[in-house]
Amino acid sequence: MHNDPAFNSRFLRALRREPVDCTPVWLMRQAGRYLPEYRATRAAAGSFLGMAKYPEIACEVTLQPLRRFPLDAAILFSDILTVPDAMGLGLYFVDGEGPKFERPVRSAADIDKLAVPDMGSSLRYVMDAVSLIRRELDAAIPLIGFSGSPWTLACYMVEGGGSKDFGRIKALALNEPALMHKLLNVVTDAVIAYLSAQHAAGAQALQVFDTWGGTLSPAMYRAFSLPYLTRIARELQRGDTPLILFGKGNAAHLEALAASGAQGVGMDWTVTLEDAARRIGGSVALQGNLDPAMLYGSPDAVRAQVRAVLDSYRDGNGGSREGHVFNLGHGMSPDMNPEHVAALVDEVHCYSAR
Ligand code: CP3
């Protein structure tokens with residue numbers, strides 16, 4: 001680990017809550033349709049899966065935002081739904097409607113059939129992309145691998161795609177809790193195998209996206225999302241790779257997430273970093289949490305919002321910036337302006353260096 005040139009990068013140092021020369025920054029969905037070079041690659045490849053399943057293309061797209069902006073980490077270009085796809089559900093995308101599964105999980109028999117996919121065959125393309133990116137990326141810049149959380153993956157697996165009210169999965173959780181836990185357990189086993197394989201292939205940090213945990217009541221979250229996030233953190237802790245647990249709408253659960261054994265907790269913009277740092281800053285690194293819609297403001301407005309987030313963290317962390325990874329509170333959108341992203345990254349580095 002210590003002979004890894006990225007070991008002393010700002011990003012990995014911040015996750016260890018060590019001193020940094022300025023606050024590190026990366027952005028969720030930093031590779032995507034807001035970049036003209038991404039749109040060109042996508043047009044040539046034909047589709048999202050036509051990019052994600054080919055390591056050379058996934059590598060090219062991963063590196064695109066790093067050529068434009070001095071970001072402090074790269075994130076593997078892939079998707080959380082590769083895991084259920086490899087479990088046999090048949091992932092496909094309908095333009096304008098997002099991801100869908102040909103064979104959603106609807107019965108006890110469907111759940112019985114699920115098994116942890118083989119990382120060396122059906123998910124080989126992901127590990128090949130990780131190794132290739134690790135070879136092509138500046139050795140001093142860390143690469144983040146990722147997975148969906150068990151609850152969030154189960155949402156797509158049971159609903160068969162996106163959902164407004166999550167009626168099917170919430171009915172399953174209520175009416176058949178033992179079956180729900182059986183599903184979450186096999187998905188958790190798959191997530192742990194998937195993250196471990198990405199680490200083995202060269203990823204130096206890992207993030208779990210619990211995008212839909214915030215749709216649960218606190219009691220349902222403690223039953224159906226938190227225990228599985230905690231198991232992932234505990235089982236991955238045996239390795240030396242930092243893990244970040246990101247959740248939309250997770251503000252009520254920060255203490256529990258900090259106690260999970262993960263090194264970082266990522267949050268959206270509905271909590272101030274000042275409050276979050278007071279509550280859990282002593283035990284984990286915090287990642288976040290600019291509202292991505294702030295990128296629709298002018299570059300000067302973006303800079304002011306960046307300073308407010310940096311100040312908020314410092315105010316809650318005894319005046320120190322240590323232990324903060326700057327990010328958005330959720331992913332970027334296709335209609336955002338790359339020049340505003342440039343202002344964001346520049347302001348994080350310049351303002352936090354003072
Ligand atoms: O952050 C990055 O740059 C890494 C790449 C990444 C993608 N998806 C690429 C992608 C990551 C980390 C994800 C995770 C993901 N995928 C999540 C969790 C994070 C979040 O946003 O909450 C979720 C819920 C998904 C499921 C998913 N995949 C959806 C809902 C969509 C459709 C989105 C859309 O804008 O149409 C995808 C497709 C997808 N994954 C795209 C990208 C860049 C859009 C692809 C395209 O059409 O070009």
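Here are a few notes on the pocket, the core and the cysteines of this predicted model.

1. Ground rules. Residues are numbered from 1 along each chain as its sequence is written, and side-chain values use heavy atoms, with hydrogens and water left out.

2. The largest pocket. Its volume comes to about 1300 Å³. A pocket here is an open set of points on a 1 Å grid over the protein atoms alone, where a 1.4 Å probe fits, with protein on both sides within 12 Å along at least five of seven lines. The volume is the space filled by probe spheres set on the points, which are joined across faces, edges and corners.

3. What lines the pocket? There are 38 lining residues, with Arg29, Arg33, Asp79, Phe93 and Pro99 nearest the centre; lining means having an atom within 4 Å of a point. Sorted by type, the lining has 21 nonpolar, 11 polar and 6 charged residues. Helix H2 (36–45), helix H3 (48–52), strand S2 (91–94) and strand S3 (98–101) supply at least two residues each. Helices (H or I, at least four residues) and strands (E, at least two) are DSSP runs, numbered from the N terminus.

4. Met87 and Ala190. Beyond four places in sequence, Met87 touches residues including Leu114, Met157, Val186 and Ala190, where contact means heavy atoms within 4.5 Å. Ala190 sits in helix H10 and counts as buried because its relative accessibility is 0%. Buried is under 20% relative accessible area, exposed over 50%, partly exposed in between (1.4 Å probe, protein chains only). With neighbours within four places set aside, Ala190 is in contact with Val83, Met87, Val116, Pro117 and Met119.

5. How many disulfides? The count is 0, taking a disulfide as a pair of cysteine sulfur atoms within 2.5 Å. The sulfur of Cys22 has its closest cysteine sulfur in Cys350, 8.1 Å away, so the two are too far apart for a bond. Cys22 is buried, at 5% relative accessible area, while Cys350 is partly exposed, at 43%.

Methods
This is a predicted model: local features need pLDDT of at least 70, side-chain atom pairs count only at pLDDT 80 or more; totals for chains, interfaces and linings use all residues. Ala, Val, Leu, Ile, Met, Phe, Trp, Tyr, Cys and Pro count as nonpolar, Asp, Glu, Lys and Arg as charged, and the others, Gly among them, as polar.
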